[in-house]
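Look at the sequence and the model below before reading on.

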Amino acid sequence: MSAVDTEKVEILRAGETHLADVVALAGSRRLDASDPAAAGRDGFLVSDYTLDDYRGRLTTAEHFWVAVKGGEVLGFLLAYSDERLEPEEWLNHRIKTTLGSFLVIKQVCVARGAARKGVASRLYHHVLEQWPASPVIAAVVSEPYNEASSRFHRKLGFEELTHLTPPDGRRRTVWVRRKPRETMLTRSWNWRSTWPGTAASA
């Protein structure tokens, strides 16, 4: 796929007809289904979402978008606010105690054949342009190091907020993107010194 082809990609609200492709795409990017040596370089997912999980998020997530070209799902992005967290989301609830309101980018995934063609950026910008109210966060697995995701978030203006280790034992780097005014007000604030339990998980 060329850069010109990417212009023909449509960003659509995910619907029932997209779910089978979303599940297959997510499965192809799972860490346990990938070559460990290539996973960090190319990006991977660890959330073990089922078809029913995605179906439920069709109505509960403020943002569930697919990137489609010629009827083919090339990628998707799932995001929702802190008001729509599930009880078992330990890390996100931990973040809420300090950060307050936010939008969490739960998953972003692009087909291998469409990687590094601007699809993920299109999905992210589609969401960021519609979400001016509060910070946007993304928790990225750091053990093993997800180089592709970390590089991508830094490129889009995200900054490292903290490191936390949820009950699943996989340490995460939490990335945050704030509005320009929020960035200026908090740039000198030492989040690490005020984060509950950060020293224990660092």
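In which crossing, left-handed or right-handed, does H2 pass H4? The crossing of H2 past H4 is right-handed. This is a predicted model, and its protein chain has 10 helices and seven strands.

**Helices H2 and H4**

- Helix H2 covers residues 19-28 and helix H4 covers residues 51-60; the two pack with their axes 10 Å apart, at an angle of about 125°.
- H2 is therefore oblique to H4, because an angle counts as roughly perpendicular only from 65 to 115 degrees and as roughly antiparallel only over 145.
- On the H2 side, the contact is made by Leu19, Val22, Val23 and Ala26.
- On the H4 side, Leu51, Tyr54, Arg55 and Leu58 make the contact.
- An α-helix has 3.6 residues a turn, so residues three or four places apart point the same way.

**The chain as a whole**

- The protein chain has 202 residues, of which 48% count as buried.
- Taking contacts between residues at least 6 apart in sequence, 69% join residues that are at least 24 apart.

**Glu89**

- Glu89 lies in the loop that runs between strand E3 (72-81) and helix H5 (90-99).
- Is Glu89 buried or exposed? Its relative accessible area is 9%, so Glu89 counts as buried, the cut-off being under 20%.
- The side chain of Glu89 comes to 2.7 Å from the backbone nitrogen of Glu86.
- Leaving aside residues up to four places away in sequence, Glu89 touches Arg57, Tyr80, Arg84 and Lys106.

**Helix H7 and Glu147**

- Helix H7 spans residues 147-155, and its buried residues include Ala148, Ser149, Ser150, Phe152 and His153.
- Glu147 also belongs to helix H7.
- Glu147 has a relative accessible area of 36%, so Glu147 is partly exposed, a class that lies between 20% and 50%.
- Which distance separates the C-alpha atoms of Glu147 and Arg41? These atoms are 5.4 Å apart, although the two residues are 106 residues apart along the chain.
- Just after H7 comes Gly157, which takes a positive phi of about 95°.

Notes. Residues numbered from 1 in each chain as written. Predicted model: local features only at pLDDT ≥ 70, side-chain atom pairs only at ≥ 80, totals over all residues. Heavy atoms only, no water. Helix = DSSP H or I, 4+ residues; strand = E, 2+ residues; numbered from the N terminus. Buried < 20%, exposed > 50% of the residue type's maximum accessible area, 1.4 Å probe, protein only. Polar contact = N/O pair within 3.5 Å; in protein donor to acceptor, adjacent residues only side chain to side chain. Contact = heavy atoms within 4.5 Å. Axes fitted to C-alpha atoms, helices over the stretch in contact; angles between N-to-C directions. Parallel < 35°, antiparallel > 145°, perpendicular 65-115°, else oblique. Left-handed = near helix turned anticlockwise from the far one by under 90°.
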